[in-house]
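This report goes through one protein model in short sections. Please keep the sequence and the coordinates at hand.

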Amino acid sequence: MRNCSKTKQKRLAKLVLAALMCTGGGLYNLSTDVLAASYVVNGTVEHEGNTSSFSGTSFTPGHADYAYGNEIFAVSYPTTSADNFTVTITSPTSYRLFGAAATTRGSASGNTLTITGDSTTITQMVYGGYVYGDSNPSPTGTANNNTVNINSGTINSVTGGQVGGGYYAVSGDANDNTVTISGGTVTGYIYGGATSDGEASGNTVTIQNDAELDSNARIYGGFTMNGAANNNTVNILKAVTVKHILGGEGTSATGNTLNIAAKGVTVGDEGVVGFQNMNFYLPSDIASGDTMLTINSSATDLTGVTIGTAAQTGVNLNQGDTVTLLSNTNGFTGTAATTTLTTAPTATSLTLDTSYKFAINQGDTAVTATVTDKTESSTESSMERAKSLVETRAATTTFINAGADMLSSQGFMQAANAVALEAAEQTTSGAAGVPSVSTFTPFAAMGGSSMRAQSGSYVDTKGFGLNVGFAREISNAQGKLLFGPVVEYGGGSYDSYLEDAAGTHGEGGAHYYGLGIMARQVNHDGLYYEGSLRGGRVNSDYKTTMDTLGKVNYDSSSNYFAAHLGVGKAFSIGNGNTLDGYLKYFYSHQAGDTTTIHIENAADERGSFDAVDSHRLRIGARLTHKVNDRNSFYGGLAYQYEFGGEARAHFSSGGNVPSPSVKGGSGMLELGWQVKPGGPVTIDLGMTGWAGKQRGGSIQLGANWTF
């Protein structure tokens, strides 16, 4: 891609490179004042604050701690290579800044230079790898594979300043260098790679995020006065105004690419030249009639250029909408080839991806792209990201079910312990032979858990639960009936993970609170049957950041109720051992909810979450060994199968939403210790481990103290 000012620009660029060659030998003769700087080399802070001076004019090869004459180097003028250094500069003030610099026949390759700090000021040049030399003897080194990252500050605030990835003054190569400007203000010349007589190929310059470029800035992918400049790339990812953009300049220049991914990019009177590919990626804020690139130069030559376009995430155009890709009021010479770039469908909602087809047309003063087809459909990626939002329901069901598990084990045990202590206290006080406790006795149980529920993907929960109740025991003809009301509270945090290409990670919290009633009949022969009924409210929230839609979040609240029934029998097998075999059924119902889902890069949606019903059947056995009147140990095994636990949802954008489910079998191992230290106190510490569809562990603690 050429225009009639190319000869002028080539001459100007040669003059700049010649100036670099001439001034390179003066590096030792600058002012000895060294201004404030702090920099890190290979992870070590080498210099902080002010240093008055450095004496001498030669430095030990390979050392990385030199600041000399208003200049800062990672490696300064070794006689051999200055390769593979990593340098981070924080808020320096300097005339020149190099990641690594080498003399004739030296090499400055593989270096990384990062500049941070808002007060950074470099007044002449910044290079990742810089090699100065003359033609006698002939240089043999390279300035390849260097990286410069500029995140803030002011760089090259005087006319003629330079930023470059790699520079070789004579006939060495400057290939595969990278310059990324993400912040700060940069003026002057920006080179990916530059050399006098070598090759300058495969270099990349990227302008993005908060970078500010002066309107006189000039961007070069690869530049050489006598060599190949092929396959260089310039990425303009934000709206900037510059004077000139060049892809590759040399004795040959092929495969050079300009990628524009923002609207409102403007280039001045020196134009855009040296590219064989110009790709326009329409940004999410594009609208019909907008212009991506405006060139204010003489006629732009499109001979040998291929122009392509594609839609980025969040684009919302309609069939027939037209966008101007390239505008030049002075027109064009030559005719470009055109292509629609192949990209993944762009996400425009939670459940739908949108594919666009464009027709590219070259007119007298503009190259335009018109939407010829817009297709919205559910894809595998859209269904997966929608599924992430439904995983919250699996998490809240896990918390509610954990409350049932604790009540049916630790809750009943502590209720029984509480009335036993009360009965013992009545006997001690003279009420001998009291068959039952005629008043309600308080008890409490608490626990914590870390569980993983496999739901087609998986949900990790970290939670806690608390039961506080009042128990009463009544004797009857068959045995004793234990019953009472209970208050419960619990919840925790969760992380849901999809096994999709994006690795979508949702997170949030949930808590529940409710009231219930519990009862257990224990017969004289050891047979018992029990049940509980609970109800309350569960609140939860969800948030994630999706590659496609940005930040997504919502809050939800719904009612729940749950019940359980169980039957078992305890057998004395001698030597203080009791075997308890049981079968229990657990049911929980979490009501549905409709809520607003907030999406950063798209319109808010309404999400309707269906009710979740869980049906669990558990069969197991527990062996309790009574060591003495004060200590008992127990252990048990059980198998549980979840028959339900499927979560369904519908979103206002339509499309298909997968339904995560925790249906499946799990095995349980429990261990515990019951201790009666003496007096009106009992303590029960239990641990439970799970494997299978539900995996993880929990710790439960019960304690009673009667007054």
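Is Asn 575 buried or exposed? Asn 575 is exposed, with a relative accessible area of 72%; the classes are buried for under 20% relative accessible area, exposed for over 50%, and partly exposed in between, with a 1.4 Å probe and protein chains only.

## Basis of the model

This is a predicted model, in which local features need pLDDT of at least 70, side-chain atom pairs count only at pLDDT 80 or more, and totals for chains, interfaces and linings use all residues. Residues are numbered from 1 along each chain as its sequence is written, and side-chain values use heavy atoms, with hydrogens and water left out.

## Overall content

The protein contains two helices and 48 strands. These elements are DSSP runs numbered from the N terminus, with helices (H or I) of at least four residues and strands (E) of at least two. Of the 707 residues, 52% are buried. Among contacts with a separation of 6 or more, 73% are between residues 24 or more positions apart; contact means heavy atoms within 4.5 Å.

## Nonpolar cores

A nonpolar core is a set of buried Ala, Val, Leu, Ile, Met, Phe, Trp, Tyr and Cys residues joined through side-chain atoms within 4.5 Å. The largest such core has 57 residues, and those with the most contacts inside it are Ile 219, Ile 236, Ile 245, Leu 258 and Ile 307. Apart from this core lies another, of 22 residues, which includes Ala 394, Ala 395, Val 459 and Met 546.

What does Ile 245 touch, not counting residues up to four places away in sequence? The partners of Ile 245 are Ile 219, Val 234, Ile 236, Leu 258, Val 267, Gly 271, Val 272, Val 273 and Phe 275.

Leu 213 belongs to strand E16 (residues 212-213). Leu 213 counts as buried because its relative accessibility is 11%. With residues up to four places away in sequence set aside, Leu 213 touches Val 186, Ile 190, Ile 207, Ile 219, Val 240, Thr 241 and Val 242. The C-alpha atoms of Leu 213 and Val 240 are 6.5 Å apart, for residues 27 apart in sequence.

Ser 327 is in strand E28 (residues 322-327). Its relative accessibility is 18%, so Ser 327 counts as buried. Beyond its neighbours within four places in sequence, Ser 327 is in contact with Thr 291, Leu 293, Thr 294, Ile 295, Thr 365 and Ala 366.

## The cavity

A search of the whole structure finds one cavity of 30 Å³ or more, and the volume of the largest cavity is about 30 Å³. On a 1 Å grid over the protein atoms alone, a cavity is a set of points where a 1.4 Å probe fits but cannot get out, and lining residues have an atom within 4 Å of a point. Grid points are joined across faces, edges and corners, and the volume is the space filled by probe spheres set on the points.

The lining of the largest cavity consists of Arg 393, Thr 396, Val 538, Asn 539, Ser 540, Ser 556, Ser 557, Ser 558 and Gln 590. Helix H2 (380-428), strand E38 (527-546) and strand E39 (550-574) are the elements that give two or more residues to this lining.

## Loop residues

Most residues other than glycine have a negative phi. Asn 231 has a positive phi of about 55°; Asn 231 sits in the loop between strand E17 (218-224) and strand E18 (233-236) and is partly exposed at 48% relative accessible area. Asn 575 also has a positive phi, near 55°, and is placed in the loop between E39 and strand E40 (577-590).

Glu 646 lies in the loop between strand E44 (631-642) and strand E45 (649-651) and is partly exposed, with a relative accessible area of 29%. The side chains of Glu 646 and Arg 648 are joined by a polar contact of 2.3 Å, a polar contact being a pair of N or O atoms within 3.5 Å, where within protein one must be able to donate a hydrogen and the other to accept it, and residues adjacent in sequence count only if both atoms are side-chain atoms. Glu 646 and Ser 455 are 191 residues apart along the chain, with C-alpha atoms separated by 8.6 Å.

Definitions and conventions. 1 Å grid on protein atoms, 1.4 Å probe; cavity = no way out; pocket = protein on both sides within 12 Å on 5 of 7 lines; lining within 4 Å.
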